[in-house]
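Hi,

Here is the structure I promised to pass on. Have a look at it first, then read my notes below.

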Amino acid sequence: MGYLLPLEWTETFVPLQDKCPVSSYESIEEMFIEDTGSPISEHFEYFEKEPIGAASLAQVHKAKVKGTGQEVAVKVQHPSLAEWVPLDLVLTKFTFSMLKRFFPDYDLSWLSDEMENSLPQELDFALEGENAMRTRHHFANIHGSPLIIPDVKWGLKRILVMDYVTGHRTDDLEYIDSHGIDRDEVSAALGHIFNEMIFGDTPLHCDPHGGNIAIRRNWKRRKPNFDIILYDHGLYRDIPKQLRRDYAKLWLAVIDADEQKMRKYAYAVAGITDAQFPLFASAITGRDYRAVTRSVVSSRSAAEKEEISGAMGDGLLQQLVQLLGQVPRIILLILKTNDLTRSLDENLHTRQGPVRTFMILARYCSRTVFQEQMELIRQHGSILWPLNLFQFLKAWSSYMRVEVKLSFLATALIGRFVEENTLITSNPQPGNPARLSDMQQLSRRKARVDLALQASPTHGYITAANASAVTPAGPSPTHAPTPFTPSPIHRLCLRTGITTGLHGDTGHQRRRGPHTRLLQISTAAT
């Protein structure tokens, strides 16, 4: 938890993501013979002896399939794990039990219990292949999603062969900026992907750290003009439907700064008491509790970050350890995913901070709650029955309240964006790399105002830019940056849910706002 623990602690473990010690080629060859009955040369006409990446459990080699010549990535488990993992688990359990005995306030036995449950799943690469294909099929049906999951060719318990798909780390800001990729759009894409996993009908990837996510430029698509590649699908969890719904209500209460409802759904989700609630609220949001009760969508100040880090020495770490030991394990994994994605977002250093991320989250939460209400209505017959119609109008008004609030936030966000862009273009500072990056990106997005990304409940990424024809595109030419002010029509579109995507001087519009989505859902309810 980078927003709670000192930077020295969290940075120490970063190399474990993709720069761990490697296993020898000879040991990998022996494992291949043991698991497949044949040497590596029987499967691949070419196999790089040096891995292209190595993590704590496995390493990945580039290879070419024998007969077809197709490039693949071969993920192989470190052979020594079969011998050392059982011992590691016993030692971990013993260490934490001794820690609990001599320091009762720091009970980490829950962590060893979770490791005993999770590690065998992460070590089963056949299961990982199934998780990858299940998620791949789910996101293939979401229009405009930039998520790429390498296709799995075959897999055994310790060997997984998949398409060779490579990219750059999402914290490689030099690559992102030099290829004309908007950091805010990357942040939004990550927000969509992991909110879909939490609130959609698909399992949750519980280990989305920087070594498991890559980005690459997509020259054939205008928006988004990049792909997000997701690796390592060993640690997955299915979230129960009711937990998803209560979790959505919790976040809507957080975004509304409704402390009473926050406490109610924190108890429903994780059994959090009133005394534990302030710490829990800070843990799930990464914000000071006072900020949570005011407005969580505001940006974190340097003073707030310093205050949270400083509080670790005042007993907060002890309380945090005790709290994490009491919440359900699935909540721990959701919190872990939230924390890792928040860290990814902060490493991007976006212009908009957490505002847009919370707006996307709010739409997924609002969708989840609305779907629950429609499901209850359908249990009592047609939506046209008077009582059902009343319940539908009540649910629709609650949904629209969130949409209207988000529209106002979107307008404020655009106003701030326009003001900053005007400052950048009127006062360029060549010595400031961040400003140069903004100027380059502004020149490529002269008339873009769809910063308030519309998260469609039924189609995920539908915007006018996504709906436009996909055409091959090369590097954008350099133009003089031009300050842009949204017209009244643009502002109206934002308020009514019509998103616009203007490329150059040509506009493409598609009406796919909340009113249309509600009509689709309500029609299905009958």
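This is a predicted model: local features need pLDDT of at least 70, side-chain atom pairs count only at pLDDT 80 or more; totals for chains, interfaces and linings use all residues.

What follows is a short tour of what turned up.

Residues are numbered from 1 along each chain as its sequence is written, and side-chain values use heavy atoms, with hydrogens and water left out.

**The overall picture**

The protein chain has 20 helices and 14 strands (DSSP runs numbered from the N terminus: H or I of at least four residues for helices, E of at least two for strands). Of its 526 residues, 52% count as buried (buried is under 20% relative accessible area, exposed is over 50%, partly exposed is in between, using a 1.4 Å probe and protein chains only). Looking at contacts with a separation of 6 or more, 70% come from residues 24 or more positions apart (a contact is heavy atoms within 4.5 Å).

**The cores**

The largest nonpolar core has 87 residues, and Ile228, Phe280 and Ile331 have the most contacts inside it (a core is a set of buried Ala, Val, Leu, Ile, Met, Phe, Trp, Tyr and Cys residues joined through side-chain atoms within 4.5 Å). A second, separate core of 14 residues includes Tyr25, Phe32, Phe47 and Ala63.

Helix H14 covers residues 329–348; its 20 residues should span 28 Å at 1.5 Å a residue, and its end C-alpha atoms are 29 Å apart, which agrees (the expected span is 1.5 Å times one less than the number of residues). Because 15 of those 20 residues are buried, H14 is largely enclosed by the rest of the structure. In the loop between H14 and helix H15 (355–378) sits His349, whose phi is positive, near 55 degrees. His349 is exposed, with a relative accessible area of 55%.

Ala257 is another one to look at: its phi is near 60 degrees. Ala257 lies in the loop between helix H8 (241–256) and helix H9 (259–270), and is partly exposed at 23% relative accessible area. For background, most residues other than glycine have a negative phi, and most peptide bonds are trans.

**Two groups of strands**

Strands E10 (residues 213–217) and E11 (residues 226–230) pair antiparallel over 5 bridges, with Arg216 opposite Asp227. The loop between E10 and E11 contains Pro224, and the peptide bond from Lys223 to Pro224 is cis, with omega near -10 degrees.

Over at strand E7 (residues 159–163), 5 of the 5 residues are buried, so E7 is largely enclosed by the rest of the structure. E7 pairs antiparallel with strand E4 (residues 71–77) over 5 bridges, where Val76 is the bridge partner of Ile159. E7 also pairs antiparallel with strand E6 (residues 152–155) over 3 bridges, and a hairpin of 3 residues joins E6 to E7.

Cheers

Methods. Two strands pair if DSSP finds at least two bridges between them.
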